[in-house]
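Here are my notes on this model, point by point. Please read them with the structure open.

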Amino acid sequence: ADPDYALSQKAGLQLTELGGGKRAEEMFESRLATQIPGLAGSGRAYTTGLNQLRLPMFKRMLRWWGGENPSLEFAKDVAQYVNKSTGRGGMGKFEGGVPLANMIFWATRNLVSRVQFLTFQPLLAAKTWRGRAAIATEYAKFFAGAATVLALAKAAGLAIEDDPNSSDFGKIK
């Protein structure tokens with residue numbers, strides 16, 4: 001019923017479903033998972049929570065930067081950023097191998113999305129200037145928030161791992 005739903009789907013926003021298959025969250029991709037008592041409710045909550053994060057984030061960025069009639073190209077830039085920042089990384093030509101990769105890596109799209117997000121792939125792949133501006137702003141907010149938390153922890157006397165070669169880089173102890 002949402003007026004932006006059709007545009008979100010044309011743009012490629014990944015709103016997932018229950019019950020397994022290509023549009024299910026990888027944590028609950030199996031139809032068997034919906035039959036286990038307690039796990040089905042957890043899967044519903046997980047899927048609903050992510051969908052309730054993705055669509056409003058898409059709409060907020062779309063309206064703030066795109067105005068009343070955003071272009072489809074801009075909407076695609078926003079959708080691919082929202083997907084990658086919320087754990088739905090793009091697999092490109094390897095999309096067909098996701099089920100096999102999930103047996104090895106557990107939630108392959110989520111793993112790929114972390115790498116894509118931290119290497120600024122959504123920003124580099126944006127095709128419109130508004131898309132780049134919107135995504136750059138979101139990155140600035142993310143890193144400013146992370147820096148604020150680390151600065152507050154440091155001011156409170158907590159130890160922070162500042163060696164970028166350490167697996168605990170950025171960890172507050």
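1. Lys173 is exposed, at a relative accessible area of 52%. That places Lys173 over the 50% cut-off for exposed residues. Keep in mind that this is a predicted model.

2. Lys173 has a charged partner. Its side chain meets that of Glu161 in a salt bridge, 3.9 Å from N to O.

3. How many salt bridges does the structure hold? There are six. As a general point, side chains of opposite charge can pair when their charged atoms come close. The next points take up further examples.

4. Glu138 and Arg60 form one of these bridges, with an N to O distance of 3.1 Å. Glu138 belongs to helix α7 and Arg60 to helix α2, so this pair ties together parts that lie 78 residues apart in sequence. Are the two partners buried or exposed? Glu138 is buried, with a relative accessible area of 8%. Arg60 is partly exposed, at 41%.

5. Lys141 joins Arg60 and Glu138 in a network of salt bridges.

6. Lys76 and Glu73 give a local case. Their side chains meet in a salt bridge of 3.9 Å, N to O. Both residues lie in helix α3, three residues apart, or about one turn of the helix.

7. Now the interior. In soluble globular proteins, nonpolar side chains tend to be buried together. Here the largest nonpolar core has 19 residues. Those touching the most other members are Leu13, Phe58, Met61, Val78, Tyr81, Val82 and Ile135. Three helices each supply at least two residues of this core: α2 (39-66), α3 (72-85) and α7 (129-155). Which helix gives the most? It is α3, with six residues.

8. Met61 deserves a look in the viewer. What does Met61 contact, leaving aside neighbours within four places in sequence? Its contacts include Phe74, Val78, Tyr81 and Val82. Ala134 and Ile135 are also among them, as is Gly66. Glu138 is another contact of Met61. Glu138 is also the salt-bridge partner of Arg60.

Conventions:
Residues are numbered from 1 along each chain as its sequence is written. This is a predicted model: local features need pLDDT of at least 70, side-chain atom pairs count only at pLDDT 80 or more; totals for chains, interfaces and linings use all residues. Side-chain values use heavy atoms; hydrogens and water are left out. A nonpolar core is a set of buried Ala, Val, Leu, Ile, Met, Phe, Trp, Tyr and Cys residues joined through side-chain atoms within 4.5 Å. Buried means under 20% relative accessible area, exposed over 50%, partly exposed in between (1.4 Å probe, protein chains only). Helices (H or I, at least four residues) and strands (E, at least two) are DSSP runs, numbered from the N terminus. Contact means heavy atoms within 4.5 Å. A salt bridge is a side-chain nitrogen of Lys or Arg within 4 Å of a carboxyl oxygen of Asp or Glu.
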